[in-house]
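Visitor: I would like to learn how to read salt bridges in a protein model. Could you walk me through some?

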Amino acid sequence: MDLLQSYADDMDDDQHLQEPLRNPSSTASDHSSPDSSPIRISLPAKSAAPKVDDTALALTVAAANRALTKPLDPTQRVVAYNPTYDQLWSPIYGPAHPYAKDGLAQGMRNHKLGFVENAAIEPFVFDEQYNTFHKFGYAADPSASEGNNYVGDLDKLKETDGISVYNIPQHEQKKRKIEKKKEREEDGEDGGDVVDGTEVENPASETWLLKNRKSPWAGKKEGLQGDLTEDQKKYADEYAKKKEEEKSGNREKGEVVADKSTFHGKEEKDYQGRSWIAPPKDAKASNDHCYIPKRLVHTWSGHTKGVSAIRFFPKHGHLILSAGMDTKVKIWDVFNSGKCMRTYMGHSKAVRDIWFCNDGTKFFTAGYDKNIKYWDTETGQVISAFSTGKVPYVVRLNPDEDKQNVLLAGMSDKKIVQWDMNTGQITQEYDQHLGAVNTITFVDNNRRFVTSSDDKSLRVWEFGIPVVIKYICEPHMHSMPSISLHPNTNWLAAQSLDNQILIYSTRERFQLNKKKRFAGHVAAGYACQVNFSPDGRFVMSGDGEGKCWFWDWKSCKVFRTLKCHEGVCIGCEWHPLEQSKVATCGWDGLIKYWLRDQPATTCLPGPSKTQGQVHISILDLVKLQRKYIREL
């Protein structure tokens, strides 16, 4: 019992000695007592050993890891690691197998080319040693554990002090490049073209790069290019000329073409002195009700290429103007002879758009030669020309009678440019679109206009103010290359490139009318024109298959389709006075005139000359004759 008691006392003493060590805070706070131990200060550890390049170590560790998966060699006496079960029972690694070309038994294969070992080497370490070996001729040996752990050119190793391609300082690399460049220049001047055979065969050497100029790795080190071909010289001259024009500020001019015009009629004035463009006095609307045409009555052929647009003479329609892709604009007679009256030649490329002024005595043409020209319809002379150096896609005049000198053009550089034709100066630019401008349509008593663009949006502008007042862009919208205004001016019909015609309101909100949608035609990819009948009862449009489609405005149902052209039917216009006649144009170079057969009528003299004539149908005339015979 005394022994146990003494052992317990010794344990209590040990616990009292260990308490200050377990609670250093109490020791620090009670350091004034004589029994407390001194304060312990922890200092950061520093290593006096120099830094060691661990590249070889990483390769050695990788080799050790690789050995774990390598089959055992039966000839070795000692195994320095614990092999796995699969390694012990793998086929013998011995002489060439009779059925294997490379000497490996079939059981030793894990790849069609032999045995592939897994190596746990970082990609950076591998690339460093690979490039170093190709550059200097030596690299670290991953299988060597001690002593000489490098393979290759050991003399070069001592000369370069064992540096790798990634250890060369940048300034040293630049210095070496300059020295090598000077050496090559000196060799070229001395005429000494002595080239080492090893450098020629080494793909990493610059000698090999210079010799193999067609290599994709040659880069700027290719030799001087040979003589240019004639096409290359021609292109280089045109490019240099274009650059000079841009520097000199002449880029705002389109291509200069001599303006010519040819009259094809018998005489420009009749016996009374009236011009050939004067409308007939008896040209009046015979009926307010429009009919869908059925049969072809006339074809105008004169364009050698496709026709891009047609326009009837304003208010009367006795003439029709056509824009051709053969750079020519022609005007045709509709009422009398049906022949071409005049040809206007002033563009060097295809004509994109045409537009009459309000009285029809003048018109505009816009061509792909970047020119807009203002023509006199009667004489064929160019009054003025406009250009910004970009292709005009659409030209329009302000419909107001007091603003017939204001021209608007939608350009390929995303701008709508406004000119004052009296001065020839640009007065305003509307620059908000993100793509080429395709259409300009005036609404709201010509105080505003709507534009569409290749950016798949509609923008509404206040005339004269380059700020968008309404922006319409939805994810489901497509580009709208043609827009037409309804005769009641309350609706816009927009040809959408997803094979449908959408209707927008022209009132304050410009909302999409979801109840009206006209579909069935195939217009995707073509700027087919959409139009209305003069009474607003029908909507019509061409399509990419050469058809002209007619829809009923109220029901939105297809009323009739006509096969008009071979190819694309790009334009269609309803006659402003004769409500049953429609003109179409296509890329086959033809303009066709369509008519609906109406009940035949005859004219009977009225009771007096002051009352004029009475129009009576043949059926009513037969009834009157029978009644007259009965009375007799």
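Guide: Happy to! Let's start with a pair of side chains: glutamate 462 and arginine 448 meet in a salt bridge, with 3.6 Å from N to O. This pair links distant parts of the chain, 14 residues apart: glutamate 462 sits in strand β19 (residues 458–462) and arginine 448 in strand β18 (residues 448–453). Keep in mind that the model is predicted.

Visitor: Is arginine 448 buried or exposed?

Guide: Arginine 448 has a relative accessible area of 13%, and under 20% means buried, so arginine 448 is buried.

Visitor: Which residue forms a salt bridge with arginine 459?

Guide: That is aspartate 455, and the closest N and O atoms are 3.4 Å apart. Arginine 459 counts as buried, at 6% relative accessibility. Aspartate 455 counts as buried too, at 16%.

Visitor: Which residues do salt bridges that share partners join into one network?

Guide: Look for Arg311, Asp353, Arg396 and Glu573, which are joined into one network in this way.

Visitor: What about the salt bridge between arginine 274 and aspartate 270: what is the distance from N to O?

Guide: For those two side chains it is 2.9 Å. Arginine 274 is partly exposed, with a relative accessible area of 35%, and aspartate 270 is partly exposed as well, with 25%.

Methods: Residues are numbered from 1 along each chain as its sequence is written. This is a predicted model: local features need pLDDT of at least 70, side-chain atom pairs count only at pLDDT 80 or more; totals for chains, interfaces and linings use all residues. Side-chain values use heavy atoms; hydrogens and water are left out. A salt bridge is a side-chain nitrogen of Lys or Arg within 4 Å of a carboxyl oxygen of Asp or Glu. Buried means under 20% relative accessible area, exposed over 50%, partly exposed in between (1.4 Å probe, protein chains only). Helices (H or I, at least four residues) and strands (E, at least two) are DSSP runs, numbered from the N terminus.
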